[in-house]
Amino acid sequence: MKPIPYTLIISALLMLSCSTSVKEDYTLLFNGKDLSGWNLLKPGGFEVIDGELVTRSSGSGTDIYTEKSYSNFILKLEFLLSDVGNSGIFIRRDPSKPGTGFEVQLLAPWTPWRDDLHCTGSMYGHVAVSNRPDETTGKWYRMEIKCDRNIVTVSVDDQITTMADIDTVKTMTGMPFTGYIGLQGNHAEKEGQFAKFRNISIKDLDADPDYVITGFSNNNWELRYISRLAASHLGAVMISPLAEMMTAGNPMEKSEAKQALFDIAAKASDPLTSAGEKRKVRSAIQTSIKTTSSEITKDYLVWIAGMIN
Amino acid sequence: MKKVTQITRRRFITGSAMGLIGLPLLSSTFRNVAPSDRVRVAVIGLGNQGRSHMNWFNALPEVEIAALCDVDKIRLEAAANQLRAVNPEARPDLYSDFRKILERKDIDAVTCATPDHWHALIAILAFQAGKDVYGEKPLTYSLAEGRAMLNHLQKNNRIFQLGTQIHAGDNFHRVAEIIQSGKLGKIHTVRLWKTGGSPGLGFPPNETPPETLDWEMWLGPAPYAEYTPVRCHGTYRHFFDYSGGVFADFWCHIADIMFMSIHPKGLYSIESRGERPYDGISDTPRWIDVDFKFRDLDVYWTTIPPEVPDSDKMHIGAHFEGTEGSLTCDYNNRLIKIGNEIVNDIPEIPVTIPRSPGHQQNFIDSVKSRQQPESNLVYVREMTIPMHLAVISFRLKRKLEWDSVNETVKGDYAANYLLSRTYRKPWTLPL
């Protein structure tokens with residue numbers, strides 16, 4: 001792995017400090033009562049006790065996964081490990097394909113060979129911690145995992161422990177940028193061990209139009225593809241920035257924006273789409289038809305608007 | 001050509017044999033058809049396929065290439081030089097605007113090998129000008145254009161042949177005979193495939209079009225776009241603005257054998273899956289799979305060949321599954337499987353379908369006889385409809401329900417909207 005550029009660390013720190021102050025964009029992933037919102041691969045791996053999500057299983061395959069998949073996000077949670085607790089957080093994983101995505105490790109420091117590449121906060125086996133966190137067991141820690149396209153940042157109690165540009169990590173090349181978030185069932189080789197989680201929440205960066213539009217300029221096709229999907233999901237609110245990009249962008253941006261505009265209109269035109277959503281998309285296109293400075297963009301918008309009845 | 005001549009089968013067989021061997025040196029010997037009996041042909045669009053038109057028709061003794069047309073001066077000159085080299089007697093008039101050709105009363109027929117978005121308009125204007133048309137595939141850019149073409153063909157009593165020259169080969173005729181013999185029982189499933197898809201073409205910058213190219217005219221009824229070379233010659237088919245990619249390009253070649261053999265009716269459901277390229281400005285499928293449901297027949301199109309005999313050797317193919325056996329074929333080969341036995345032919349099935357004298361000769365014969373040729377407009381229009389619907393399903397990312405009697409998509413406004421496209425001014429599609 002190449003060292004992370006200094007500027008990247010600074011910008012990550014800036015984003016981190018911003019994000020911690022904004023609470024309203026976060027969605028709870030754990031309601032403190034039951035496992036709704038999660039899929040269990042095998043029953044019995046996790047239980048809810050006193051508002052905490054506890055795993056005390058010892059077998060494998062007892063992991064749980066979010067029902068929804070995520071590409072770019074900030075995940076926040078608190079964790080606590082017993083003396084020999086061994087768990088982790090799966091990122092961008094397809095549960096039906098073991099080994100996809102990566103794991104941010106959570107591990108009590110119980111064996112001497114658990115080095116920086118396999119300790120709490122590491123991207124297990126791929127990226128070592130650069131700043132090893134406190135590993136005292138029986139104590140709650142706040143963890144934040146930020147997946148900003150190819151840049152992944154892990155921090156514990158507001159201190160960055162690990163950072164990676166996964167494009168430069170050999171063992172991570174070709175990993176998908178989308179997948180489910182999972183919690184690994186405790187698999188310590190000793191009875192009576194556990195890991196606990198609470199206050200699990202997520203900010204989906206792909207729900208933010210300003211974030212999504214920047215993905216259209218990314219040189220990685222998969223990240224552009226994810227941004228197009230996100231734009232299609234966001235619908236009307238993306239029309240104006242995309243119309244602007246189709247007019248003023250570079251050839252790649254123009255082409256991607258053109259396709260995304262089509263996809264939004266096509267989705268809005270679906271007989272199953274609500275009348276309200278159709279109206280919103282159509283009206284956003286009409287606004288851009290009036291404001292765009294390009295004849296090519298205007299003609300294209302007029303054409304796609306025609307799809308929506 | 002002044003008079004309509006009925007020609008005998010014997011004569012057109014001789015004619016086609018001449019066509020095969022009558023290339024350059026012998027041409028003058030065989031060009032003894034009276035000038036009044038010659039069909040005067042103009043070729044519009046002079047890329048690879050257009051130059052093939054020129055050469056194919058030039059080789060027919062009854063044909064005189066009277067004019068050539070292209071919006072690219074370099075291509076126009078190159079084609080004219082090529083023709084003069086092959087046929088020193090040729091005196092083609094050269095045009096950059098096809099409408100000048102349509103004004104000429106002495107031209108009987110035009111062949112059209114322009115990009116797809118021009119096919120329908122050129123054909124319709126030619127019909128209106130009293131000319132017969134040999135047009136390249138795919139038939140049209142949009143489904144509605146096919147209807148308009150048929151309307152004007154009938155109104156003006158014209159001849160049309162689609163340039164699906166594979167149709168004329170012996171293999172397709174023999175496959176149709178075998179399927180129609182009933183030896184394979186009732187055909188319930190057909191699998192069609194073509195490997196490969198559109199490349200991304202990268203993200204090249206826009207450029208000023210070369211002075212030798214009339215870019216405005218090249219675009220014609222298509223939406224205005226800034227010029228970049230990959231949008232134009234050779235790769236335009238990878239843009240939905242002008243065509244529908246490899247799928248639209250090859251559908252008619254291989255769906256042809258299905259329509260020739262069993263002529264499926266009552267298409268009612270179309271569902272496409274696929275992806276566009278990720279690495280460039282092209283937007284047509286890099287792969288596409290389509291499930292079609294006809295009355296009593298399931299048809300599957302795939303980009304990867306299905307697991308059927310010898311499909312790994314066929315980049316394009318068709319597989320018929322019947323209650324008694326199956327048949328797999330491509331343009332030139334066929335495998336018949338009944339039980340565990342695989343054969344190439346069933347000799348006891350008689351030859352019942354007349355063979356083509358050659359696809360271009362078949363057209364010229366039709367021009368003279370006024371009987372429609374094998375790949376006539378009624379036939380090819382019906383054969384092209386599933387392709388258009390699959391493209392729309394791919395673009396909208398949803399299943400379509402088709403009313404094949406009224407030719408409308410049920411309950412999907414956008415899908416019906418995409419059956420046609422408004423032409424860019426000043427062009428209009430005569431309905």
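Trainee: Which residues does A:Ser122 touch, not counting residues up to four places away in sequence?

Mentor: First, the ground rules. This is a predicted model: local features need pLDDT of at least 70, side-chain atom pairs count only at pLDDT 80 or more, and totals for chains, interfaces and linings use all residues. Residues are numbered from 1 along each chain as its sequence is written, chains are lettered from A and ligands numbered from 1 in the order in which they are written, and side-chain values use heavy atoms, with hydrogens and water left out.

Mentor: Now your residue. Contact means heavy atoms within 4.5 Å. A:Ser122 touches A:Glu103, A:Val104, A:Gln105, A:Asp116, A:Leu117, A:Val127, A:Val129 and A:Thr162. A:Ser122 sits in the loop between strand 8 (102-107) and strand 9 (141-148) of chain A. Helices (H or I, at least four residues) and strands (E, at least two) are DSSP runs, numbered from the N terminus.

Trainee: Which backbone oxygen lies 3.3 Å from a polar atom of the A:Ser122 side chain?

Mentor: That of A:Leu117.

Trainee: Which residue forms a salt bridge with B:Asp170?

Mentor: Definition first: a salt bridge is a side-chain nitrogen of Lys or Arg within 4 Å of a carboxyl oxygen of Asp or Glu. B:Asp170 pairs with B:Arg355, the closest N and O atoms being 2.6 Å apart. B:Arg355 lies in the loop between strand 14 (341-343) and helix 11 (359-369) of chain B and B:Asp170 in helix 8 of chain B, so the pair ties together parts 185 residues apart in sequence. B:Arg355 is partly exposed at 21%, and B:Asp170 is partly exposed at 43%.

Trainee: What does B:Arg191 pair with?

Mentor: B:Glu321, with the closest N and O atoms 2.8 Å apart. B:Arg191 is in strand 7 of chain B and B:Glu321 in strand 11 of chain B, so this bridge ties parts 130 residues apart in sequence. Salt bridges can also join into networks. One links B:Arg38, B:Arg40, B:Glu64, B:Asp93, B:Arg104 and B:Asp106. Over all chains, the structure holds 47 salt bridges.

Trainee: How do I read an interface between domains?

Mentor: The size of an interface is often given as the accessible area lost when the parts come together. Here, buried area is the accessible area (1.4 Å probe) that two parts lose on being put together, summed over both. Chain A is divided into domain 1 (6-205) and domain 2 (208-305), with bounds from an automatic or database domain assignment. The two domains of chain A bury about 870 Å² between them, 50% of it on carbon and sulfur atoms. A:Arg149, A:Phe177 and A:Leu205 supply 69% of the area that domain 1 of chain A buries against domain 2 of chain A. The count of salt bridges between these domains is 0.

Trainee: How many residues does each chain give to the contact between chain A and chain B?

Mentor: Chain A gives 24 and chain B gives 25. The area buried between chain A and chain B is about 2,100 Å², with 56% from carbon and sulfur atoms. The count of salt bridges between these chains is 3. One pairs A:Asp270 with B:Arg398 (3.8 Å, N to O). On the side of chain A that touches chain B, the largest share, 10 residues, comes from helix 5 of chain A.

How values were computed: Polar contact = N/O pair within 3.5 Å; in protein donor to acceptor, adjacent residues only side chain to side chain. Buried < 20%, exposed > 50% of the residue type's maximum accessible area, 1.4 Å probe, protein only.
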